Amino acid sequence: MKLICAPMATLSHPAFRFLIEKFGGCDEYYTEMINAPTLVHGGQFEKFYIDPAPVPEKVVWQLTGKSAESIVRAADMVCRIGCLGVDLNMGCSAPDIYNSGAGIAWMIKPQKETECLVKGVKSVLDSYEAESGIHRRLSVKCRLGDEDFTDEGFYGFVDMLSECGVEQLALHPRTRKQKYREPPKWAYAQNVAEMHPELSVVVNGDVCDRSSYEKVCSVCPSCAGVMIGRAAVQKPWIFASLKAESSSPGNTVDMLSVGLEFIDYVEKYQPPEFYKTRLQRFFTYFCANFSFAHYAQTQMLNAKSIEESRSRLREYFEKVPADRYKIV
């Protein structure tokens, strides 16, 4: 199974990829959503969203937007940057994204409209390949659909994606409103993989350790990969751990060094305007490793500068030295 880092807003950027690579990396990195209209119109921060460092050959640009025209134009731009492929976000169910006509709204719009989008992006990627000789894979990340989805409607949607040239499908098998407290229906990914052997099917949702990884592999033996998101933020070594033999001896991780390295990467690869949100989101998950997680999270979330973030992290381990080294 391929191991893939999920697209996560404010997290799936170069600083985070550098950290994952320090532990051995994974097979693919989906980027956080790139707003197609903003990219096309030259938004001032867009250059930070389309930085493929440190492993361009593993990067998948994920595009979002409410109109096919802007997404097709954005696809033409990003396919010319180092990458593995281009992904169309049809799964984000955040209310502001859905209500704008983006994300999972593409699963709910008239299918002809979504088909037009997919064909438009595929045409752009084919034209680039004819021009350069370089293939860029087209993928889609989606959910099962809205609350009233039917098996017939969902599988028909997948049929359309395959017929339009989609090569990889990352499926988070929950509906639009289902939250993480409800278990994902992994079997849908297996069904799609069996029905569409031409598709590389990636299953996403609730994989957080070796036990859950082995469970999803047993439920979805025909799938090509497993996508991990939040667990990779808490445990940047998770991909390396899953690649290792289960009987392999553990390694000692210096948690202070990991946190400081991430802060350094953010300072180097993100604009100052992004420091606060990037650090807050990362440490919300990373501090879950600590004995006094809530205290540590509060300290890091309330840091007013990047240097204060460093100071507060050091102060935590001075107070709780037993948390500094972790066997993973």
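Let me start with a question: is Asp-126 buried, partly exposed or exposed? Asp-126 counts as partly exposed, because its relative accessibility is 35%. Here buried means under 20% relative accessible area, exposed means over 50%, and partly exposed is in between, with a 1.4 Å probe and protein chains only.

Some ground rules. This is a predicted model: local features need pLDDT of at least 70, side-chain atom pairs count only at pLDDT 80 or more, and totals for chains, interfaces and linings use all residues. Residues are numbered from 1 along each chain as its sequence is written, and side-chain values use heavy atoms, with hydrogens and water left out.

Now the salt bridges. A salt bridge is a side-chain nitrogen of Lys or Arg within 4 Å of a carboxyl oxygen of Asp or Glu. By this rule there are 21 salt bridges.

Back to Asp-126. Its salt-bridge partner is Lys-122, with the closest N and O atoms 3.3 Å apart. Both residues lie in helix α7, residues 111–132. They are 4 residues apart, about one turn of the helix. Helices are DSSP runs of H or I with at least four residues, strands are runs of E with at least two, and both are numbered from the N terminus.

Stay with Lys-122. Lys-122 is buried, at a relative accessible area of 16%. Glu-167 also forms a salt bridge with Lys-122, and there the closest N and O atoms are 4.0 Å apart. Glu-167 sits in the loop between α8 (151–163) and β7 (168–171), and Lys-122 in helix α7, so this pair ties together parts 45 residues apart in sequence. Glu-167 is partly exposed, at 25%.

Next, which residue does Glu-261 pair with in a salt bridge? The partner is Lys-22, and the closest N and O atoms are 3.1 Å apart. Glu-261 lies in helix α13 (residues 255–269) and Lys-22 in helix α1 (residues 14–22), so the pair ties together parts that are 239 residues apart in sequence. Glu-261 is partly exposed, with 24% relative accessibility. There is a network too: salt bridges link Asp-264, Glu-267, Glu-307 and Arg-310.

On a 1 Å grid over the protein atoms alone, a cavity is a set of points where a 1.4 Å probe fits but cannot get out. A pocket is an open set with protein on both sides within 12 Å along at least five of seven lines. Lining residues have an atom within 4 Å of a point. Points are joined across faces, edges and corners, and a volume is the space filled by probe spheres set on them.

The largest pocket holds about 890 Å³. Its lining has 36 residues, and Pro-7, Met-8, His-172, Tyr-180 and Arg-281 lie nearest the centre. Helix α11 gives the largest share of that lining, 3 residues.

How many cavities of 30 Å³ or more does the structure hold? The count is 2. The largest cavity has about 50 Å³ of space. Among its lining residues are Ser-12, His-13, Phe-48 and Trp-61. The second largest cavity has about 30 Å³. Tyr-295, Gln-299, Arg-312, Glu-315, Tyr-316 and Lys-319 line that one.
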